[in-house]
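This briefing concerns the packing and strand arrangement of a predicted model. The points below are grouped by topic.

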Amino acid sequence: MTDYIKALENEIKLKPIIEKYFNLELIHTDRYDIFDFYDDNNYFELKCRNCNSNKYNDLMMNVNKWNKGIDYLNFNKNVYYVFDFHDGLFYYKQDINDDFRMNKYLGKYYIYIPNEKLTKIIVNNNN
């Protein structure tokens, strides 16, 4: 199975959970878009990780996604990074005032989002 097919399967599986939690109807973007879902006021990027949420102190996010998020924030949009871990679904809402560490790794620049900035997504199935 290709990485793209696996990512698409995860997006299809998790999109209804994200929509329910945030009370939104999201549009699934094209394969080559920077973010995975959007509506008029919100952009979402989904990242699936093969570990528990507490394995590392922070999460690597490609700086081009981060910078595009800043662009959206400047137009009064909300930007969310959703992380699917073995122990649950979590998100970070990008804040223009957050000043996270940035490092170069294997020739690319990454922002490191501290785990304490994550919020767990809990959806009541009785709704």
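**Helix α2**

- Because an α-helix has 3.6 residues a turn, residues three or four places apart point the same way.

**Sheet**

- An open sheet is formed by 6 strands, in the order β1-β2-β3-β5-β6-β9, and its pairing is mixed.
- The edges are taken by β1 (27-28) and β9 (119-120); each has a single partner strand, so one side of each is left without a neighbour in the sheet.
- α2 packs on this sheet through contacts with β3 (42-48), β5 and β6, and its direction makes about 145° with that of β5.
- The partner of β1 is β2 (residues 37-38), and the two pair in the antiparallel sense over 2 bridges.
- Within this pairing, Phe37 of β2 stands opposite His28.

**Nonpolar cores**

- The largest nonpolar core has 19 residues, of which Trp66, Tyr81, Phe83, Phe85, Tyr92, Ile113 and Leu118 touch the most other members.
- At least two residues of this core come from each of β4 (58-62), α2 (63-73), β5 (78-85), β6 (88-93) and β8 (108-114).
- Another core, of 13 residues, lies apart from the largest one and includes Leu24, Phe37, Leu89 and Ile121.
- Leaving aside residues up to four places away in sequence, Tyr81 touches Phe35, Glu45, Met61, Lys65, Trp66, Gly69, Phe90, Tyr91, Tyr92 and Gln94.
- In soluble globular proteins, nonpolar side chains tend to be buried together.

**Cysteines**

- The structure holds 0 disulfides.
- The cysteine sulfur closest to that of Cys48 belongs to Cys51 and is 11 Å away, which is too far for a bond.
- For Cys51, likewise, the closest cysteine sulfur is that of Cys48, at 11 Å and too far for a bond.
- Cys48 is partly exposed, with a relative accessible area of 33%, whereas Cys51 counts as buried at 11% relative accessibility.

Terms used
Residues are numbered from 1 along each chain as its sequence is written. This is a predicted model: local features need pLDDT of at least 70, side-chain atom pairs count only at pLDDT 80 or more; totals for chains, interfaces and linings use all residues. Side-chain values use heavy atoms; hydrogens and water are left out. A nonpolar core is a set of buried Ala, Val, Leu, Ile, Met, Phe, Trp, Tyr and Cys residues joined through side-chain atoms within 4.5 Å. Buried means under 20% relative accessible area, exposed over 50%, partly exposed in between (1.4 Å probe, protein chains only). Helices (H or I, at least four residues) and strands (E, at least two) are DSSP runs, numbered from the N terminus. Contact means heavy atoms within 4.5 Å. A disulfide is a pair of cysteine sulfur atoms within 2.5 Å. Two strands pair if DSSP finds at least two bridges between them. Axes are lines fitted to C-alpha atoms, for helices over the stretch in contact, and angles run from 0 to 180 degrees between N-to-C directions.
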